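Please find below a short note on the model under review.

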Amino acid sequence: MSKDIQLSDSDGDVLVKTARKAVTEFLSNGNRMKLEPDLEKKFAFNSGVFVTLNNPEGLRGCIGFPMPDKKLSRAIVDGAIAAATEDPRFSPVTMKELDNIVFEVTVLTPPVEIDVSDPMEYLSKIKVGRDGLIIRHSFSSGLLLPQVPVEYGWNVEEFLQHTCEKAGLARDTWKNEDVKIEKFEGIIFKEETPNGIIVREET
């Protein structure tokens, strides 16, 4: 894990509970909550973050910020609300669904470009379970979190292919010389059950 970001289990507990509270408040009264001053200070560093919502059928929403462009104290609230209400793949989450949804928060290390002289080197420079990927080509970009290939049982090549597809590109675009591929790591905290115990996912 990158030295840039250190989060304790109690930090993760707070982040996941904050994500759930932000969605609950927004759905009930339209308010965007602000963190308590001590938490605002604790999470005042810039960081990328994704919030993932899962229900018994599977994914219910996932949105976040890959780049460390805003303070985590703000990004966690914005990401949670967006995951619940703005994911274009799903209708907005309703209040009555919240008791069936598991909240997951992934705090990202800053993306680093993978330097290769031959695209086949990507296969040895990416580790499934540790790395998330961002692919950029022309005006397209796509991102997949580190936990995604683990959930689907993909190898590195399949991970690259699906990241290309996420960007709307052909599956083998990663082999092009003019493609830019970045990797990042994620610190993952999630509820074991809706509103339940919050655990750190080991990668």
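The numbered points below take these topics in turn.

1. Basis. The model is predicted, with local features requiring pLDDT of at least 70 and side-chain atom pairs counted only at pLDDT 80 or more, while totals for chains, interfaces and linings use all residues. Residues are numbered from 1 along each chain as its sequence is written, and side-chain values use heavy atoms, leaving out hydrogens and water.

2. Overall fold. The protein has 6 helices and 8 strands (DSSP runs numbered from the N terminus: helices are H or I of at least four residues, strands E of at least two). Their order along the sequence is α-α-β-β-α-β-β-α-β-β-α-α-β-β. The radius of gyration (over C-alpha atoms) is 17 Å, close to the 17 Å given by the globule rule (2.2 Å times the number of residues to the power 0.38) for 203 residues, so the protein is as compact as a globular protein of that length. The C-alpha trace spans about 50 × 35 × 30 Å along its principal axes.

3. Burial. Of the 203 residues, 46% are buried (under 20% relative accessible area, with a 1.4 Å probe and protein chains only).

4. Nonpolar cores. A nonpolar core here is a set of buried Ala, Val, Leu, Ile, Met, Phe, Trp, Tyr and Cys residues joined through side-chain atoms within 4.5 Å. The largest has 32 residues, of which Ile-76, Val-105 and Val-107 touch the most other members. Helix 1 (9–29), strand 1, helix 3 (72–85), strand 3 (102–108) and strand 7 (180–191) each give two or more residues to this core, and helix 3 provides the largest share, 9 residues. Apart from this core lies another, of 24 residues, including Phe-50 and Leu-143.

5. Two residues in sequence. Ala-75 lies in helix 3 and, at 0% relative accessibility, counts as buried. Leaving aside residues up to four places away in sequence, Ala-75 touches Ser-47, Val-49, Phe-65 and Lys-70 (contact: heavy atoms within 4.5 Å).

6. Largest pocket. What is its volume? The value is about 610 Å³ (the space filled by probe spheres set on grid points joined across faces, edges and corners). A pocket is an open set of points on a 1 Å grid over the protein atoms alone, where a 1.4 Å probe fits, with protein on both sides within 12 Å along at least five of seven lines; lining residues have an atom within 4 Å of a point. The lining comprises 12 nonpolar, 6 polar and 6 charged residues.

Key: Nonpolar A, V, L, I, M, F, W, Y, C, P; charged D, E, K, R; others polar. Buried < 20%, exposed > 50% of the residue type's maximum accessible area, 1.4 Å probe, protein only.
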